Amino acid sequence: MKFPYSQKVLEHFKNPHNVGQIENPDGKGLEGSPACGDMVAVYIKVNPDTKVIEDIKFESYGCASNIATGSIITDLARGKTLDEAKKITWKQASEELGGLPPIKAHCSVLAVEGLRAAIKDYEEKHGLVTEKEPTTEEVIRRRLKHVMNPLTGLDIIRTNLILKTSVEDGVVRVVVDLPANHQFAPAIKEDIIEKLGSLWDVEKVDVVFTA
Amino acid sequence: MPRSLLENPRFNCKNSRFYYLIWGGREIFENIIYLDNAACTRLDEQVLEAMKPYFFDTFAVATSEFGYSMGIDAKEALEKARENLASKLGANSEEVIFTSGSTESSNTALKGVALALKEKKGKHIIVSKIEDFPVLNTAKVLERQGFGVTFLDVDAEGFADLEELKNAITKETILVSIQQGNQEIGTVQDLKAISEICEEKDVLLHTDATHSFTRLPLSVKELPVDLITMSAHTIHGPRGIGALYIRKDTPITKFMDGGFQEFNLRAGVEDISSAVGFAKAVELVTEEENRRLKAMRDRIIDKALTEIPEVTLNGSRDKRLPQNANLTFHYVEGESVTLHMDMRGFAVSTGSACFSRSLEASHVIRGIGGDHERAHGSVRFTLGRYNRMEDADAAIEAMSEIVARLREISPLARK
C-alpha cells in the first residue's frame, strides 16, 4: 500500500510542533484559501534589536498537509532574522517534509503565506515598509505565483497556465489556459480571485478560460 | 489500524473487517471499522457462492433457446436474476435491464429519453441540485448539447422544492430526475408527491435509487415512477453491475451501440455471474437488517450531537436513509479528521474540498445552503451488514477525541 504522504508529513500531522497562540504577538498573519477552505494563523515574537524571530506559533484549520507545513515552517523560521525567514519557500518546506503531493500544494502554501503575512504585519507596525505599491502586471504575476496548479503542484505562472494578464482602472483580467469545464477550473478561479481581489487598488477580477 | 502495520510487507489482509499480522511469531488482530458503505460495501460470502458456478461451470454466453445447453442454462440464470430483481420492485421482468452500475443506468435513462424525445416532445429536463454525479453531470452534458436544464433547489434539509418543480415543468419538459435517497446527507425525498406531480403533468420521472434500493420501500405498482437506477455495490453485491428499471412503453433510445442484448437497450455480453450476485444481494437484505442499521445510525447521530459540542446534523433527522449519518464538526477540516480516523482504524468520508478529486467542496452541502465551512468539517458515516452497535459507539468516541485535538490547533475554535 502506498500513501500519498511521507512518514515525516504524517509525524508532523500527528504531533505538530509550535502549535497555539502567542499572547501579544509582535506580528500576526492569517491566510485562507476560499478554494479549499483551509486557514492558517501565524504568530511571531521578534527581538527588536536583532530582528530575530524568538518565538513562533501557528494554528491551522486545514488538512494534513496544511498542518504538517505549518509545523515545519515554524521550525524553519525559529531563530532566523525576518529577512532570512522571508526567503523560506514552499519548496523548501516541502523538501524538508520529504515531498508533498502536487494536489496538496495549494493547502500547504498557505503556511508559507501566513509566515510572510506575520512578518509583513510586524514590518508595518514598526514602520519598516515603504508606501503602497500600485498594482501592475508584474505585481499580478508575482501574486499569481502563490496560486498552485493542482495538476503539477507548481504555481500557475511557472506551469504556463496564465496566457495573459491585464490591469485597467482597477479591473484585472486573467486568461487561464484551461477549458471552463476542467476538473480544477472552479478551484483555480476562486484562488486567483482571492489572491488578486485583496490588493488595495483592485476592484474587480475577471478570470477567463480559453474554452 | 496503525499505518506502520499497513506498511509492513509481512502484513496480510484476510478480509475487510479483520487485519491479520504475524509479528515475531505473534498473531495480532486489528479490527477495521468500515463506515463508508455508501461508497462501496464488502461482498457477502453468500453472494460469492451464488456467483461461482457462472465463472467455472456455466461460463458460456447467454444464448437463445435454440443455442447449446450451457448457453441456455446461462440464459436461464440471467432471466431468473432479472425476475428476482423485478419482483422486488413489483415490476415485470421485461422492464429491468442490467448495466455496469448506477453511472451507466442513469446515463442510459437521461440520454436515452433525451434522444428519444428531443424531436417528438421537447428539450427540457429537470434535476435536483443535489443529485449524485451520474445524473448531475449527464444533465450538464445535455445542457451543453442544447437541452434546457432546470437545476431544482432544495431546502436546508435537502428536500426538493415541489412548488418550484410544478412551476418548472413546461410543455417542452421530457424528464424529471430526482433521487430517492441522497448519497451524502441521506435525505429521502417525497417520491409519492413528486411522482404525482409528474403524472399529472404527463412528464417522465427517473429516480436514482442507488442508495435506497432494498433499504427503503419502492414499488412501481404504488408509485408512477418510469425509470429507476439501482446498483449492487451498495448492498454487499459485486461492483460493476447495476440495473435500470424502464416502465413498459417508456420512450428510450440506446446510446451505446453493439449487439441486441437486454431487449436491445444495452449492448454487450451479459455478465451472468454479476447479475446472479446482484439478485442474491437483493435477496439477502432484510427488514430486520434495515432496522438494525437505523438503530446504529440514530446512535451515531444522538451520541455526536449530545457528546461533542458544536456539531450540526446534515440532512433530515427522520426522513433519511437508515444507513446514513452525516454531521459537521465545526472548526475542523474533514481530511484531517479522516486521516486521524484511519490511523485509529476507522474508514469514514468527508465533503471537504481537500478530500475531493476536483478540490471542490461537496455540492450537496452547498446545495442545502451550507457554506464552505459546513462542507469542510462534514463527516459521513455509512453503515452496512458488518457493522455492530459497538462500532457506532467506538466511532463517536474516537471522533470526540480527534475533534477536540484538532480544535485545539484551529484558529476558528472558541477556546
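Predicted model: local features only at pLDDT ≥ 70, side-chain atom pairs only at ≥ 80, totals over all residues.
Author: Residues are numbered from 1 along each chain as its sequence is written, while chains are lettered from A and ligands numbered from 1 in the order in which they are written.

Reader: What makes strand 9 of chain B mostly covered?

Author: Strands are DSSP runs (E, at least two residues), numbered from the N terminus. A residue is buried if 20 or more other C-beta atoms, placed from the backbone, lie within 10 Å of its own. In strand 9 (residues 204–208) of chain B, five of five residues are buried, so it is called mostly covered.

Reader: How do you know that both faces of strand 9 of chain B are covered?

Author: In a regular strand the side chains alternate between the two faces of the sheet. Here Leu204(B), His206(B) and Asp208(B) lie on one side, Leu205(B) and Thr207(B) on the other, and all are buried.

Reader: Why are strand 8 and strand 9 of chain B said to pair?

Author: Pairing needs at least two DSSP bridges between the strands. Strand 8 (residues 173–177) and strand 9 of chain B share three bridges in the parallel sense, so they pair. Leu175(B) stands opposite Leu204(B).

Reader: And which residue stands opposite His206(B)?

Author: That is Leu227(B), in strand 10 of chain B. Strand 10 (residues 227–231) also pairs with strand 9 of chain B in the parallel sense, over three bridges.

Conventions:
Buried ≥ 20, exposed ≤ 12 C-beta atoms within 10 Å, placed from the backbone. Helix = DSSP H or I, 4+ residues; strand = E, 2+ residues; numbered from the N terminus.
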